[in-house]
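Biologist: Could you take me through the aromatic pairs in this protein, slowly and up close? I would like to follow them on my own screen as you talk.

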Amino acid sequence: MKQQFALAPIFRDNMMFQANKPIRIFGTCKKGVEITVVFLDEVVKFKSKSDEFLVEFEPVPVRDKGFSFSLFTKKQEITIYNCLIGDVYLFVGGKNAYMPLKESYHEVDYEDSEIRFLDMNKVLDKQLKYAFNPQWLIAGKSDLADFSALSFLFAKHMHQVTKSPIGIITCNHFNASIFSWLGAKEINSHIDMYEYVMKQPKELALHSSVFYDTMVSLRAPSSLKAIILYQGEDDFRHPGLYSVALQRIVQTYRTLFDDQALPFIITQIAGGIYPESDGIAISKIRLIQSAMMNDEKMVYVASAVDLGDEENNYVKEKMVFAKRLVNVVLEKCDRMTKNAISPMYYSHNYRGDEMVIFTHNNYLNLVSHSTKNLGFTYSSDGKNFKEITDIKLVNNQIVLYGLKNAVEVRYGYLDYPVCDIYTTNELPLLPFRVIV
């Protein structure tokens, strides 16, 4: 007997729903079929008007005891077992979001049935087509060696802090570009982006729209706590279009998940070696990421710039950064902490040969790890740069001396930069570039 309806791929046993936001259950169906949905104490009956259906229930608080829900018609019934309601995070990105635990410096070392993982990367075949149904995994009961190291460590630390159920959904791939996470409509509607993508050789593995279509869109419009985007290592060839794409991802995903206040946390990519770069191309990407920071728009930046590997750009140490991400969520989404954002350039005052740099987002004092205030350079012609050695840190301000005829000042503006200036809670000063 042919099915009268089918749930979207994310609806599987052990799944996690987002607490305190609308509960949405959706899928495909025959037109005109009558479906009944039983969720906790609520029952909804409807007759489908198209080949898709969506049922929305009122927000539900955290529920750490497993429950089931059912959908049925006169000829078919589906029950999903052992569900929880907690906080659900979507991780999207490239190689450093993708890196599995077995390739990192970390192990599967946390067991708790309140932590659930869904790896959308596992739905793809070798041709990157949707071929397999994803499964929700449980920490301590499932083999997680192939799961994203960063996502696992984030879930572990978040659960240790909040003691609430945590759901992690990963949409990532080792060979991804910023264009991988946008739909064809968003790419095609921007003429420069469309023409650029169409001209690229296949070996650059841009995978335009592929992962958006096969991973991200399959799980919308379920509710989320926040989206964490870690993409940019392979985008240094197109910084201008990266900026456009990044802004469109935020707009598109908020519409896709039907939540215009959905928080976004953008990862400022780690330092590393990029053989095809000119030495500063990655810095352009980092500055674009920093520029996205906006409290009113609920877009935040967490930096891994100081956590890179000088030998490559595939960072095996993930714990420090996972904790930084957790702290950003705790401050910006839960109001449980403060000063979780790295300090960044705000403005400057340049008089004579002295420049004062004002920072914002984190108002703790700045300190130098080396005690030598390293990482600052300036140029008098815009081409040749000299190290600045006469520097004073005053609370959360930076005073630079000896800048004769300066036309540009930089900090940490290299693919693998010197990161020497931190807050007293060990967050790095974000790289910046000042044109005088």
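Modeller: Happy to! Rings of Phe, Tyr and Trp (its six-membered ring) count as a pair if their centres lie within 6.5 Å. Please keep in mind that this is a predicted model. By that rule, a search of the whole structure turns up 27 aromatic pairs. One of them is F17 with F39, an edge-to-face pair with 5.3 Å from centre to centre and 80° between the planes. F17 belongs to strand 2 (residues 16–18) and F39 to strand 4 (residues 34–39), so their pairing ties together parts that are 22 residues apart in sequence. With a relative accessible area of 5%, F17 is buried, and F39 counts as buried too, at 2%.

Another pair to look at is W181 with F211: the ring centres are 5.4 Å apart and the planes meet at 40°, so this pair is tilted. Here W181 sits in the loop between strand 11 (166–172) and helix 3 (184–188), while F211 is in helix 5 (residues 210–216), so the pair ties together parts that are 30 residues apart in sequence. W181 is buried, at 0% relative accessibility, and F211 is buried at 0% as well.

Notes:
Residues are numbered from 1 along each chain as its sequence is written. This is a predicted model: local features need pLDDT of at least 70, side-chain atom pairs count only at pLDDT 80 or more; totals for chains, interfaces and linings use all residues. Side-chain values use heavy atoms; hydrogens and water are left out. Rings of Phe, Tyr and Trp (its six-membered ring) pair if their centres lie within 6.5 Å; planes under 30 degrees apart count as stacked, over 60 as edge-to-face and the rest as tilted. Helices (H or I, at least four residues) and strands (E, at least two) are DSSP runs, numbered from the N terminus. Buried means under 20% relative accessible area, exposed over 50%, partly exposed in between (1.4 Å probe, protein chains only).
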